[in-house]
Amino acid sequence: MDRDIRDSDAYRGVEDFYRRWLEPGFGRVTGVADPSLRPDGRAVAVTGTILEKLEGLGSTRIAVADGDGLRVLTGGPGNDRCPRWSPDGSTLAFLSDRADEGVFGLYLLRDGLGEAIAAPRVDGTVEYCAWSPDGERILLGVAGLGADLAGGQGSGTNSGRSDDGPGWLPAVEGGEESAWRSAWVYDVAAGTVRRVSPDGLNVWEAAWLGPDRVVAVASEGDPGEGAWYTAALVAVDVTSGGAEAVYKPQSQLGWPAGSPGGRRIAVVEALSSDRWIVAGDLRLVDPASGVVVAADTGGVDVTGLQWLDDRRLGYVGVRGLDTVAGVYDVSTGTCAELLATDASSGARYPDAAFAPDGTAALLLERYDRPPAVTLVAPGGATTELVALTDPGARWLASVAGTAAPVSWTAPDGLRIEGVLCRPAGDGPFPLVVLVHGGPVSAYRNRWRMGHDYTPLLVSRGFAVLHPNPRGSSGRGQEFAGAVYGDMGGADTHDILSGIDDLVARGIADPARLGVTGGSYGGFMSCWLVTQDRRFAAAVPVAPVTDWYSQHLTSNIGHFDALFLDDDPYAAGGRYHGRSPVMHARAVRTPTLLVAGARDRCTPPTQAAEFHTALRDHGVETELVVYPEEGHGVRRLPARIDVATRMLGWFERHLSVQSGGTA
Amino acid sequence: MNDIEAALAATVVADVQVSPDGERVLYVTSSVATEKDTPPAGTLGLVDAAGGTPRRLTSGSAGDRWPRWSPDGRRVAFLSDREKRGSAQAYLLDLRHGGEAVRLTGHDGGVLALEWSPDGARLALLVAAAGDEPREDHDETVAGEDVGKASLWLLTVPDDAAAGGALPDQHRLSPADRHVGGILDYGPATFGWAPSGDALVATFTASPVFTDQLPAELVTIDLQGGVRGLGTVETFSAMPRFGPDGATVAVNAADGALPALFTLQTVPAGGGSAQLLAPGHPGSFFGFSWLPGGEILAILQEGQQQRLAVVDPAGGPVRDAIAPFDRPGCVTAFSVSADGRRVAFVRADDTSYGEVYVADLGSDTPARRLTDLNPWTREQDYGEVRELSWTSFDGLELQGLLVLPVGYQKGRRYPLLLQIHGGPMGAWLHELRRYPCLDWSQFLARRGYAVLLPNPRGSSGRGTAFLSGIAGNYGEPDFEDLMSGVDAAVDLGVADPERLVVGGWSGGGYLTNWTITHTDRFKAAVSGAGIANWVSFQGTADCRSAFDRYFGVVDEDPETHWLHSPIRYVKAATTPTLILYGEQDARVPPSQGHELHQGLRARGVETRLVLYPREAHAVVERDHQADLLYRVIDWFDTHLSGQ
């Protein structure tokens, strides 16, 4: 295809799809994330996304739902996010880059009157904030400018500014200027900020541990993204800056939370493929003794924690395809589930916020229903405060078919789950398998399945299968760990057997199968076409195609060593055997490769390698690299462009008439 | 931090708005100085009229200004350039629910002013013309043809702006060929709603250029754009306002023509002749506001003070509006509650740049101070400021301020600076002035000088006859007034006649230039943005029409202009003179400074010309203001110590 396809009928058709979906919501909040529940349990602050044109990422604003609709509280310019109510509910803290684009600072909206007042600047950009239990201080997670972003944040670095010197200045890796992450504290009464974590400690994530200490997931001596995989739990004294390791985990840590009195740390330990994408076992750590207790959460892989008081811990997580929120009582070791639903809350993983009385706030959504800010009372009664149903969302739901859970049996007898989205009618349909990233991640029944591609493909007559093969979260550490040392092994057959099942049921047309996915899903898209010639088309996005070069060029080389459980410097082995490029001679599937030039997680050279390998073997292939994108294509109109190319590739090779139902 | 650095960090309050119920007061704070390449910042503050801790209402990193309460007191509309510095848009802050302001407008040229309709359903906006897009093929400009006109717009205020969505409906009301808003760099001229909400009163001129403002058309404009002319007015800021009966409009304008400025007049809204209020009153009226009962509350300058006074359009005596203050001072802005009972105002004095006060009209209870914006001033030394009066050559009684040196000892004589104000219709007042670089008195008082701040004929504060006392001879009698004032300071035993220096800015620069070409009694002079040659000035400055009113039309009366030009007498000059200009000054172009500089050099008189880049008629950047003050002090010190 041409470089510039904007004048084509195909592009115009897809642009029209986006327009009919998004335009009616221009200027209004059409996405919500990151809930904070006011301690009285009556109002939920969220980060709301507002688009005003088919360009860029839109902007984010702090909005509040309190039964009186959804009110946008912040005015920009720039982006506002991470709202956090003070313990007394009078002040709303949030982060904004209004003063310096891309560099976030702390702002405070006090007493519901007037505009936000800026806290003093810190040395870097603030990634998250949290009130101390006594409301006198605010913890700030600060990343030095130039720090790598996690793949889940889009990869790249947090500051691409070119005004830091003449254009010829080199990029330097491994020098002294690596950007560290640190913990800072804002003193509310004095209006001052200071750094509290010591030099040499890279703080990935931190939370209060009583009023005078913070607990951090941190790495000693190395700020690089790869060091996250071996990060430990560290307690830092806010006054002295003294740091003390309290727990070294077997796998990865996330969502640390210290009890208000400072006597317990709750943290999630999970085999994880990406920072900020952590779902797993709840652990309770005694910071004084170092004793670690595993807590039973009833089969829920925990993805969020918040203490209600020193005894009760609110948690949220995923169990199978369900989202579960509950309260864990540390004195009895028991869970009380508030809500278990086949709907979803939050983006990658379930997210919830809690009030001291045990009320929870979730952003419940389904494939055919956009998010609704919802309160769940301690007894489980739900109250919907506001739903983001605008005419554009309703239109999208009307053309996006239906979603339903599906399950099948893998060749080794393991039951595998997934979500199938399909048009009306009986089929068989042309089928696109959309493989999720990670590999540790999971599909749930989400609004438009979290993708543009799913509703677009369904609207054009495709069925789309979203499998959760082994390695996915929601089914415990054993299931997730089954991909450990076996990426491209049994998980491959989990997916292929899912296709077999749909073919056998007459839902999928075996002559019209396609595969796509991003990140690990991009790897799997490449890998599947090397393993099975049934696929008529593949569109890998941000893939890994060569584990050797991935290890040597990615900023998370530690990930592949961990998950392949092999040595990248050894001859043969899984680095060779599980690399799609090494199997290119087996491929017959026309393959469109998509990458972002700013991707440091799976660098665009990965897509280029497979493209070259397929060309070497005479397979039809195209490589599309977006210069302003990182790990995944997120900005408009590049999103329209990639959707057009993907749709066109599938329609052409799966012999689907263009012009469908949209 | 020395006194200059401290003064340049001062916070000033320019605008004050009491809530319709009189319970809360909004005000705008800003810095006395700007930073290079950065438009001025401003912050909205809010304080209870009962007192208490003031709070910032806007985040204040950009320029937030012009706050106006909605008539129901639940919302505040204001202007901010937060999204594009230097170009403000209208914002709406909802005080019912809290949260930040929502933008209401997206005008390329920005919004200059706004006023709520009486029912709170609409805002009238003054919208600046959008600048032309830069062209690559032609980058020349055509004089007088590239000046955009500001216009009046009507905006329908959404009930729930926070829901987001498109900008509210708004459309242009004023005709395309008229400019609304007067001289924009003075702060835009305001406009007012009729009590019925079905018309506005404003002034129209041909363009925003200064010289086109005299005279201006006073008009009412209905909501369909229908315009009715009410005659012309001569003024720099008419502030036209409908009276509560809707039948009368009041304006602040000259009695006839310049220089008889600063009178209050009423005009029938249906057309008819203007009526002068408080005729012959020996003072000057500035900002005013109608009271519900049909009287007018106004800022009245008498001598070196400004106070709040009630003016009765029916002809009753002018009376004090609130209980008098102990210390002399100066009210610079005010606003009245809807019931006309409570007034919030800004008042400065000899050691204050201005604080926010609240008082009840007609009450004997002293006003309550609500802010403490510059607590550091309590740690500063200030020279005592005394009223001085003297008799000029023709028997006219004159007044001024005499600032004594810090640590003044009676009986000892001190070097004296004669600092001359501009205008010429300005005046020295009991206040710390907003631009420290324009008022050198306290900086010099701390350095051992006495400073004379005279208000010669032509100044405001003593009625229209006094203002008109220099028509046709500006520079001559007022020069005598200044010299007799210096004599008085010498006779008083304060000034040392051997250690006199002189200086001034703008009109004060002109009189400084006149002084050094007419006497050699001063040992040094600093002339800032002053006129050297009226003939060339009238061909290069943007304010030609203003000085027509003093010297006649230049091509009909070139001799009068030449006879009053200091450059004509430059061969008599001997005084070492420092000349200062803003490089972008259109009011008094720097070419005037070059003429004086060349003239003095040619005569071997010590002189230096300093030009401040990016600055117009007022020097505002912090580093420039500091440089200016240091140069002034150094110039005087050097030339006095050299004796």
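Modeller: A nonpolar core is a set of buried Ala, Val, Leu, Ile, Met, Phe, Trp, Tyr and Cys residues joined through C-beta atoms within 7 Å, where a residue is buried if 20 or more other C-beta atoms, placed from the backbone, lie within 10 Å of its own. This is a predicted model, in which local features need pLDDT of at least 70 and side-chain atom pairs count only at pLDDT 80 or more, while totals for chains, interfaces and linings use all residues. Residues are numbered from 1 along each chain as its sequence is written, and chains are lettered from A in the order in which they are written.

Biologist: Which residues have the most contacts inside the largest nonpolar core?

Modeller: In soluble globular proteins, nonpolar side chains tend to be buried together. Here the largest core has 205 residues, and A:Leu140, A:Val214 and A:Leu431 have the most contacts inside it. Apart from that core lies another, of 192 residues, which includes B:Ile322 and B:Trp505.

Biologist: How do I read a strand pairing, and what lies between β30(A) and β31(A)?

Modeller: Strands are DSSP runs (E, at least two residues) numbered from the N terminus, and two of them pair if DSSP finds at least two bridges between them. β30 (residues 402-409) and β31 (residues 415-422) of chain A pair in the antiparallel sense over eight bridges, with A:Ala403 opposite A:Cys421. Five residues lie between the strands of this hairpin, and A:Gly413 in the turn has a positive phi of about 95°.

Methods. Buried ≥ 20, exposed ≤ 12 C-beta atoms within 10 Å, placed from the backbone. Helix = DSSP H or I, 4+ residues; strand = E, 2+ residues; numbered from the N terminus.
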